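Visitor: Can you walk me through this one? I'd like to start with the strands.

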Amino acid sequence: MKLRARRASVIIAAAALVAAALITAPPAASAQLTEVTGFGTNPTNLRMHLYVPDGVGARPALLVAVHYCTGSGPAFHSGTEFASLADRHKFIVVYPSATRSGSCFDVSSPQALTHNGGSDPVGIVSMVRYVQQRHNADPERTYVTGASSGGMMTNVLIGAYPDVFKAGASFMGVPFGCFATTDGSSWNSTCANGQLVKTAQQWGDQVRAAYPGYSGPRPRMQIWHGTEDSTLRYPNFQEQIKQWTNVHGLSQTPSLTDQPRSGWTRTRYGGTGTKAPVEAISLQGVGHSLPQGGMAAMVIDFFGLSDGGTEPTPTITPTVTPPAGDCKVTYTMNTWNTGFTAAITIANTSTTQLSSWSLAFTLPAGQSVTSAWNASLSPSSGQVTARNVGYNATIAPGASASFGFQATHGGNTGKPPAFTLNGTACTV
């Protein structure tokens, strides 16, 4: 009897420990990526995957995350940080999957570039409506982001559906309408190579024409691009800035310029805070490989789905007009069969601040500039002078300014042998 009693007491004690563990241990995470079918009008038979974190609120925010060519929704889910950020900040994520050959999204057809015109955008908007109805997602906190083909689709969606999305973040994208074709082709080489250059007004007019009569607020836009992108070339970065500042009625002169990380140049337009109407991040030396670690968190900050971060305090330095000082120039080229891009950094190695600058150099024979960003260049060949634009005229001692250009070549891909800044020779 004593042995039986002892065994019973051990069993009861063990059961009590298990019960205590079940009460005090946190519940196991159950959120997982789920495919949804029958979500609404879907002209191109896109697939939809949905991620709903544990513990979302009664009125959660919604993010649409759009993959690159050859990718898929599940691949973008596992290969990016948006799902883990959704777990932390309790928003829902929709991952569309393209079904056409190459798994690229339609960003080129007249249907895709027209509000309610058809094709892939209509299917993606149906996904949004489904989540708003089934999971009570907040229409006032609905956002879109994407990379490459998804970055281009981000431009398309915030351009043609400003009534659906409150903000977008485009990695390695092109302006709305840049990829437009009328022959059924899904690829536009002129745009991809950064050779489609328009005025800000022309780009803005393309967006406004996508939804005639719309007079409501326009989505905010965040733009990311690497200077060495050889797939969707870097000039598309500046063309997007021109487009979205025009859509918002803003100057192309930044309200704030800073460097959140080494090699990153961030400009904000129409405001200096995290939620500026337009924000652009240029990534020096980076190719077609975005997003990288930590970038998704900055997207979430821009959307307002987190607490954001501490805003940078601009350093104000008195502007003077000194004689030209010492300088160092870094000149990086990215070439292809008939063209190249050049990224140039001017470092002020003197002890005196520059309030304006002009950099003179001679292009090798056969090279001719077709477009430029962050500087004005003339003439297009031979001895060229690059002059600052309004927002990057000042270079403090120890600081630098960057600009770039795209050019054609006839086989000679050499670099300029020498540079002079305000008439004084620079080291290279």
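Guide: What follows covers a sheet, its helices and one threonine. This is a predicted model, in which local features need pLDDT of at least 70, side-chain atom pairs count only at pLDDT 80 or more, and totals for chains, interfaces and linings use all residues. Residues are numbered from 1 along each chain as its sequence is written, and side-chain values use heavy atoms, leaving out hydrogens and water.

Visitor: What order do the ten strands of the open sheet have?

Guide: The order is S1-S2-S4-S3-S5-S6-S7-S10-S9-S8, with mixed pairing. Strands are DSSP runs of E, at least two residues, and helices are runs of H or I, at least four, numbered from the N terminus. Two strands pair if DSSP finds at least two bridges between them.

Visitor: Which are the edge strands?

Guide: S1 (34-36) and S8 (256-258), each of which pairs on one side only.

Visitor: In which sense do S3 and S5 pair, parallel or antiparallel?

Guide: Parallel, over five bridges between residues 62-66 and 142-147. Val 64 stands opposite Val 144 in S5.

Visitor: And what does helix H8 touch?

Guide: Helix H8 (residues 235-247) touches S6, S7, S9 and S10, where contact means heavy atoms within 4.5 Å.

Visitor: Switching topic: is Thr 420 buried, partly exposed or exposed?

Guide: Thr 420 is partly exposed, with a relative accessible area of 28%; buried means under 20%, exposed over 50%, and partly exposed in between (1.4 Å probe, protein chains only). Thr 420 is in strand S18 (residues 419-421).

Visitor: How far apart are Thr 420 and Thr 385 in space?

Guide: 9.4 Å, C-alpha to C-alpha, at 35 residues apart in sequence.

Methods: Axes are lines fitted to C-alpha atoms, for helices over the stretch in contact, and angles run from 0 to 180 degrees between N-to-C directions.
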